[in-house]
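Here are a few friendly notes to read alongside the model. They follow the cross-links and the charged pairs in turn.

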Amino acid sequence: MRTTARTTLLAAAAIPLAIATAAPASAAEATDVTYAFSVTGSTVTNTITNNTGATIGCTTSLAAAPGGVLPPLDDIMRSGQALYQQDDIPPGTTTQSVTDVPDGSYVALASCGREGTDPAMWVSNYPGIEQYLVQFPMTAYTVQQASTVVTVPSVDPAPPAAALVPDLSELGTLFGS
């Protein structure tokens, strides 16, 4: 029951941990998984490098970051994240994208994990996250790429090029001549 409560707590925190069942793998290390977040238009992408030698379950999620400031962890834990992408990630480099993100500032979070003979998880670093990770019965690492505040800009479409240059042939009409 206690393990269920712990799992529910972290899941509610919306640092969803999708753990893939994998074949036995080598001993886990902190540097086995890395993250790199980027924004293009209304899409937030996480480039995940998986050097574990096995398929792992990963989730990239977004939480509101009002004013572009990293919110306190407890705020993230209470409100969770509704914007996320969850996939099995094979060894190598893979991208995971959260699409159709509304304009605003968000903290980008990521977590990956595996079960088996050497269960482990890798969570993007966040101030205070260690107090939650110690509750899991597996090795947990904070990934050096910390949770990052990203901004999905509101971009107005550019006007057509013709609208930028006035038609000077009609200059006399503009001044009433």
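1. A disulfide here is a pair of cysteine sulfur atoms within 2.5 Å. This is a predicted model, in which local features need pLDDT of at least 70, side-chain atom pairs count only at pLDDT 80 or more, and totals for chains, interfaces and linings use all residues. Residues are numbered from 1 along each chain as its sequence is written, and side-chain values use heavy atoms, with hydrogens and water left out.

2. You will find one disulfide in the structure. C58 and C112 form this link, with their sulfur atoms 2.0 Å apart. The C58 and C112 link is right-handed, at 115° about the S-S bond. Because C58 lies in strand β4 (residues 56-64) and C112 in strand β7 (residues 104-114), the pair ties together parts 54 residues apart in sequence. Strands (E, at least two residues) and helices (H or I, at least four) are DSSP runs, numbered from the N terminus.

3. Are these cysteines buried or exposed? Buried means under 20% relative accessible area, exposed over 50%, and partly exposed in between (1.4 Å probe, protein chains only). C58 is buried at 0%, and C112 is buried at 0% too.

4. Next come the salt bridges (a side-chain nitrogen of Lys or Arg within 4 Å of a carboxyl oxygen of Asp or Glu). The count is two. In one of them, D118 meets R114 at 2.8 Å, N to O; D118 is buried at 19%, and R114 is buried at 1%.

5. R78 also forms a salt bridge with D75, their closest N and O atoms 3.3 Å apart. R78 and D75 are three residues apart in helix α2 (residues 73-79), so about one helical turn separates them. R78 is exposed at 63% relative accessibility, while D75 is partly exposed at 34%.
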